[in-house]
Amino acid sequence: MTDTVNEIGKRRTRKEDARLITGQTNWTDNIQLPGLLHVAFLRSPQAHAKILSVDVSAARQMPGVIAAYSGADFAAEQGSLPCAWPVTPDIVIPNHPPMATEEVRYGGEIVACVVARDRYAAADALEQIDVDYESLPPVLDMEAALTDGSPKVHEAGNKSFEWVFANGDMEAAFRDAPVVLERTYRQQRLIPCAMEPRAVVCAPVADEYTLWSATQIPHVLRVMLALVTGIPEHKLRVIAPDVGGGFGSKLQVTAEEVLAVLLARKLGRPVKWTESRSEGNLAVHHGRDQLQRIRIAADADGRLRGLSVDLLADMGAYLMLVTPGVPLLGAFMFNAIYKMDAYFFKCTGVFTTKTPTDAYRGAGRPEATFGIEHAMDDLAAELGMDPLALRRRNWIAHSEFPYTTISGLTYDSGNYEAATARAVELFGYDDLRKEQEARRASGDPVQLGIGVSTYTEMCGLAPSRVLGQLAYGAGGWEHASIRMLPTGKVEVVTGSSAHGQGHETAWSQIVADRLGVPFEDVRVLHGDTQVSPKGMDTYGSRSLAVGGVALYGACEKVIAKAKVIAAGMLEVSPEDLEWTPGRWSVRGDPDQGKTIAEIALATFAAHNLPDGVEPSLDSDATYDPESFSFPHGTHLCAAEVDTETGQVRIRSYVAVDDVGTVVNPLIVDGQVHGGLAQGIAQALYEEAAYDADGNLLTTTLADYLMPSATDLPTFATDRTETPATTNPMGVKGVGEAGTIASTPAVVNAVVDALRPFGVRDVEMPCTPQRVWRAIGQARGAAR
Amino acid sequence: MTKISMTIDGVRYEDEVEPRMLLVHYLREVAGRTGTPIGCDTTNCGACTVLLGNSDGATPAGDKLSVKSCSMLAVQADGADITTIQGLANGELHPLQRAFHEEHALQCGYCTPGMIMAAADLLRDNPNPTEEQVREGLEGNLCRCTGYQNIVRAVLRAASEGATP
């Protein structure tokens, strides 16, 4: 009998660590193959230009150079990088060649490449390539881009799509509304900055190809590469080895991956490309970038009547894999945790001559949560209400779940009251308000602000039917296989593709818990399409809520198969058996039983199985979620603002999150911490800034202010646990929640500190200069 | 080409390299010590941090200083005695490695080698740091996954266990 303790909820340290803390890692850039060649890409230095000519002849003569190519050399075979989410029937999806041929539309777009024996020789040869550009005007401002006189990014114009959702009587909601709040918020452009720069290796053997890539999506990438390159899918193997972070930035079908395959095919030799950080800041897809016009109508007591959202979303120069859909994920989240009579949402996707945008941690939901939570604190100030009281006035009560919101989603479970009560307690809310009052009264140069963020989010992407209704190109199911080895060990093959999330550990816990096998006896395989043939990969906080539940389903099938075989072994009827984790035994005679290991061994020998029973316990399950996953939480931020220097220091940050049933609290806390860091960074530090010519200014980590350990506080985190009702494990997603919640909590705190000076808003990131200017402008206006 | 020699994780290497070759490229591609990753190209991120001492015979890791190996040329490390993440454990895990594991101070693990090596140097210099001193000491090492909270806990834990490199 195995000595299994309940694994769900256990603070297990991770199996992944063994190789990561000793440097026994397998990053894509580590890969060495016989005869491997190195690829370097020449990128446009201009935001918008016609390519008049590309001369690679001098590059080809350089020592160590095998080949050099321009876009013309690939024009016939390179196709177009895919956009798999055509959100409207009339959406403009421009052709997107992996290597530009006639025109470049963002600084960083690939125009040529060199293949050489080593990376230094390749870099040297790049400098010998001569490109003649004819400059075109950049298009950098979305509002300007939509005017008639604007230069065009594409022939078809600068508008990609317009998407509208409406429910309820907006006219009635706003007519005679005692309070109407109108705000415009800028959601700045961000660079995801995973610590591992992207790398790709492609090795051809005859007409078959193996591609290693630092990707979050090996399965999706395989399908897409087959469609773009024409290489038959079954002759293409995609491997995501160890991947150093993604955050959505490695959820992509990139020019570099396609070109690596085409180069390997053209040359018949293995090739590798590794980006530098500067290259990555420029060329990896960016996140966010919206202009939000928000209107809220409310009663005098704060009850929300109506919400209107008009978004301009910056697509960048091209639509990449899910670019147009990202802002639309937020469409269903502006109404957040609140009840209201009417809701209107409109999003216009706009082309600019900037790096394309796409998914970045939260993908549409942080933008929405910022919009509503910033507006709610603003509304509370307008009404002279405590911001928490305004939330309470409007949120869905615990007793009202399941609740179908004005945007049409049915939230299965939640307990906003409990999370908020716990957060308030941890935070010391009343004491901090008193301190705030005291500092205001004494005119302290360092003021204290308190920011509230009560959020929910939609994750666990996603019910395939809903994806179909939204015109998303793929499904949202996930797959798991369990292989029971003869000696009782277990191999799990998951369609999830972890890049830091600890699936090898958490999936082992699920299997250990259900099958009653020791945690150490489980091995989790992932990331290689030859090993894991079926999956929808990892993003959108889906792996536990969908992949974990698929695994649970596979466990159930294993247990059911084991029952039949155990009955045969024990010479009883299956109905006489009962299951305790790890063992089928005879009801009323528990000494008569067989462990799962004994049963697995019996299938190996297969000497005495019942007729018609396959000699195998191995089982697959594919799970398509019936609903999105709706974690929620209450975050409170206390920020000290030095009114003389504009410096903001987070004094304390409390996060109480409810992610349903917790499998591994260590991993959950870690995801929250990391999410908070990125959300706080958006509030205070990060911005992908462009100059007036369309040059990205923040190409290095010296300019793009990813926070270090001195830039972040220690977080106080806690949880409530309200299980999901839409899956048998009760689990919800957590990966993006911290990021979604924290940005408005911090900005709200900054603005709250400065309200007495007449400051109504501070644009993100709330740098010292912006804070200081906001104070100065408000004081100036007051005179 | 210039001839250099150095000791890396206890093994002596002799090679001819271009003067412009970065030490981190030498470690990864010539010496094959791929445990040390590259995270940026402006010396900001610290993922490439190793410990470096002078070599007239091997020096114990305690006498070595941390250096970002992307900010040195291989030729500058001629004669050096280098410890990378792959040479830190001595039969058993170093207390920092154990602490990082116990405190879940890593998620994707990409920043981890540099973070651990920088922490080793921090503790050599200040065996009993405060939390603030740990944060300041690791300011040159960027992490995108953890938010630093558990990294700080791990370093404090290793310090309390008397971790000396």
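**Entry 1**

I am working on a predicted model, in which local features need pLDDT of at least 70, side-chain atom pairs count only at pLDDT 80 or more, and totals for chains, interfaces and linings use all residues. Residues are numbered from 1 along each chain as its sequence is written, chains are lettered from A and ligands numbered from 1 in the order in which they are written, and side-chain values use heavy atoms, with hydrogens and water left out.

My element names follow DSSP runs, numbered from the N terminus: helices are H or I with at least four residues, and strands are E with at least two. How many bridges join strand 2 to strand 4 of chain A? I found 2, and the two strands run antiparallel. That counts as pairing, for which DSSP must find at least two bridges between two strands. I then traced the open sheet, which has 3 strands in the order 4-2-6 (chain A) with antiparallel pairing. Its edge strands are strand 4 (103–104) and strand 6 (130–135) of chain A, each pairing on one side only.

**Entry 1: the largest pocket**

Next I checked open space. On a 1 Å grid over the protein atoms alone, a cavity is a set of points where a 1.4 Å probe fits but cannot get out, while a pocket is an open set with protein on both sides within 12 Å along at least five of seven lines; lining residues have an atom within 4 Å of a point. Grid points are joined across faces, edges and corners, and a volume is the space filled by probe spheres set on the points.

The largest pocket holds about 800 Å³ of space. I noted 35 lining residues, with Arg119(A), Thr274(A), Glu275(A), Ser276(A) and Glu279(A) nearest the centre. Which element gives the most to this lining? It is strand 1 of chain A, with 6 residues. Helix 1 (23–30) of chain B is also among the elements that supply at least two residues each. I sorted the lining into 18 nonpolar, 6 polar and 11 charged residues. Here Ala, Val, Leu, Ile, Met, Phe, Trp, Tyr, Cys and Pro count as nonpolar, Asp, Glu, Lys and Arg as charged, and the others, Gly among them, as polar.

I counted 9 cavities of 30 Å³ or more. The largest cavity has about 660 Å³ of space. Of its 43 lining residues, Gln501(A), Thr538(A), Ser541(A), Arg542(A) and Gly735(A) are the closest to its centre. By class I got 22 nonpolar, 16 polar and 5 charged residues.

**Entry 2: where the chains meet**

I found 45 residues of chain B in contact (heavy atoms within 4.5 Å) with 55 residues of chain A. The two chains bury about 4300 Å² between them, 54% of it on carbon and sulfur atoms. Buried area is the accessible area (1.4 Å probe) that two parts lose on being put together, summed over both. The rule finds 4 salt bridges across this interface, each a side-chain nitrogen of Lys or Arg within 4 Å of a carboxyl oxygen of Asp or Glu. I also noted the salt bridge of Arg144(B) with Glu686(A), at 2.7 Å from N to O.

I found a cis peptide bond from Leu461(A) to Ala462(A), with omega near -15°. Ala462(A) sits in the loop between strand 18 (446–456) and helix 15 (464–469) of chain A.
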